Amino acid sequence: MTGTAQNPDVSPATGREPHLRLRLQSVTYLAKQTSLFEFRSPKGENLPPYAPGAHIDLHLPGDLVRSYSLIGDANQADRYLVAVKEEPDGRGGSRLLHEGFKVGQTLDVAHPRNNFPLDEAADHSVLFAGGIGISPIYAMICRLQALGKPWELHYATRSREYAVYLDRLGEFGAAVHLYFDDEVPGNSGAPALDISKALATAPGDAQVYCCGPLPMLNAFEAATENLADENIHTEYFASDQEAATEGGIELVLQQSGKTVFVDEGQTILEALLETGMDLPFSCMEGTCGSCETVVLEGTPDHRDHSLTKKEKTENKKIMICCSGSKTQRLVLDL
Ligand code: FES
């Protein structure tokens with residue numbers, strides 16, 4: 001991680017954390033339906049630094065907030081690069097960026113946050129990426145290359161035309177393994193990448209990472225079931241879990257001394273926001289990590305993809321946008 005923040009433009013208008021006001025500097029074709037969006041300070045200043053695996057939240061018109069992993073080399077201190085795949089049936093963020101945004105326009109961008117950090121001390125790293133999930137993984141590759149650390153990439157897409165940075169990845173030779181579903185002999189519909197098979201030859205103490213669509217992440221979770229929790233790292237773009245809205249929870253807020261009741265049909269975050277509290281949140285589905293809250297008493301019902309298995313077992317943190325409570329009372333450090 002390098003770079004220095006030198007008074008980048010800050011917008012105070014959009015919330016608790018200061019946001020950067022950045023300009024869309026360029027949009028470049030990367031792959032089918034996928035473009036690279038480059039954001040810079042209008043004054044050309046360096047931006048707050050980030051480490052590989054980090055993401056930024058873009059504040060889009062219509063109160064849309066969308067998280068995108070940073071794909072660039074973290075050494076490029078004056079820009080943030082994100083690859084965005086246009087999803088016609090998505091929640092609207094990618095369409096807005098692709099169709100409604102023009103080079104030169106400015107928007108609010110939250111400081112980088114990292115829920116998917118790279119273990120730089122690992123002797124070997126095995127990286128799995130699916131589709132646009134290559135974004136944080138590519139940033140990791142840049143860093144591992146710079147450190148001279150061994151790594152291998154298993155990158156799967158529907159077909160070659162959807163694959164990002166194929167030319168750059170080609171420079172890494174045997175470290176890169178590519179899988180294209182439409183090139184599977186017989187076109188059986190089965191994914192070209194068999195994660196268990198790919199892991200079979202990896203050293204037992206390797207750090208293993210995965211970022212991709214939900215079916216790939218589910219296959220990854222199954223294939224790594226018996227690995228040590230501290231060796232497994234996942235980054236989700238979307239959630240397949242229903243938020244807990246059963247209600248009936250008594251929230252005791254330790255710092256303010258208030259008690260708040262969560263009604264049926266509400267999440268914990270919604271109940272707290274209703275009282276006028278100003279709390280950080282972004283994705284609202286348990287993937288970005290911005291609503292993480294410390295639990296002092298009680299047992300959360302974890303529904304997020306942000307906390308690790310170990311953190312979920314410890315029950316000391318909760319993602320209040322989607323998780324509920326197994327106990328009638330939760331004491332939160334708020
Ligand atoms: S708002 Fe993203 S994890 Fe809760």
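A residue counts as buried when its relative accessible area is under 20%. That cut-off is needed for several residues discussed below. The structure itself is a predicted model, with a mean pLDDT of 90 for the chain and 94% of its residues at 70 or more. Residues 1-16 are a stretch in which pLDDT stays under 50, and the model has 42 contacts beyond four places in sequence for them.

The description may begin with a sheet. Five strands form an open sheet with parallel pairing, and their order across it is S10-S9-S8-S11-S12. From one strand to the next, the twist averages 10°. Strands of a sheet pair through backbone hydrogen bonds, and the pairing may be parallel or antiparallel.

Within this sheet, strand S8 (residues 125-130) and strand S9 (residues 151-157) run parallel and are joined by 6 bridges. In one of these strands, S9, glutamate 152 is the bridge partner of valine 126. Helix H2 (residues 134-147) packs on the sheet, where it touches S8, S9 and strand S11 (207-211). The direction of helix H2 makes about 150° with that of S8. Helix H5 (residues 214-223) also packs on the sheet, touching S8, S11 and S12, and its direction makes about 165° with that of S12.

Attention may now turn to the aromatic side chains. A search of the whole structure finds 5 aromatic pairs. One of them is formed by phenylalanine 116 and tyrosine 209: the ring centres are 6.0 Å apart and the planes stand at 80°, so the pair is edge-to-face. This pair links distant parts of the chain, since phenylalanine 116 belongs to the loop between strand S7 (106-110) and S8, while tyrosine 209 belongs to strand S11, 93 residues apart. Phenylalanine 116 and tyrosine 209 are both buried.

A further pair consists of tyrosine 138 and tyrosine 165. Their ring centres lie 4.7 Å apart with the planes at 55°, and the pair is therefore tilted. Tyrosine 138 is in helix H2, and tyrosine 165 is in the loop between S9 and helix H3 (166-170), so the pair ties together parts that are 27 residues apart in sequence. Both tyrosine 138 and tyrosine 165 are buried; for tyrosine 165 the relative accessibility is 8%, which is why this residue counts as buried.

What lies over the face of tyrosine 165? Arginine 168 takes that place, at 4.1 Å from the ring centre. Arginine 158, in turn, lies over the face of tyrosine 162, at 4.3 Å from the ring centre.

The backbone of tyrosine 165 also deserves mention. Most residues other than glycine have a negative phi. Tyrosine 165, although not a glycine, has a positive phi of about 60°. Methionine 284 is likewise not a glycine and has a positive phi of about 65°. Methionine 284 lies in the loop between helix H6 (268-274) and strand S15 (292-297). Is methionine 284 buried or partly exposed? Methionine 284 has a relative accessible area of 32% and is therefore partly exposed, whereas tyrosine 165 is buried.

Note on methods: Residues are numbered from 1 along each chain as its sequence is written. Side-chain values use heavy atoms; hydrogens and water are left out. pLDDT is the predictor's confidence in each residue, from 0 to 100. Contact means heavy atoms within 4.5 Å. Two strands pair if DSSP finds at least two bridges between them. Helices (H or I, at least four residues) and strands (E, at least two) are DSSP runs, numbered from the N terminus. Axes are lines fitted to C-alpha atoms, for helices over the stretch in contact, and angles run from 0 to 180 degrees between N-to-C directions. Rings of Phe, Tyr and Trp (its six-membered ring) pair if their centres lie within 6.5 Å; planes under 30 degrees apart count as stacked, over 60 as edge-to-face and the rest as tilted. Buried means under 20% relative accessible area, exposed over 50%, partly exposed in between (1.4 Å probe, protein chains only). A charge sits over a ring if NZ of Lys or CZ of Arg is within 6 Å of the ring centre and within 35 degrees of the ring normal.
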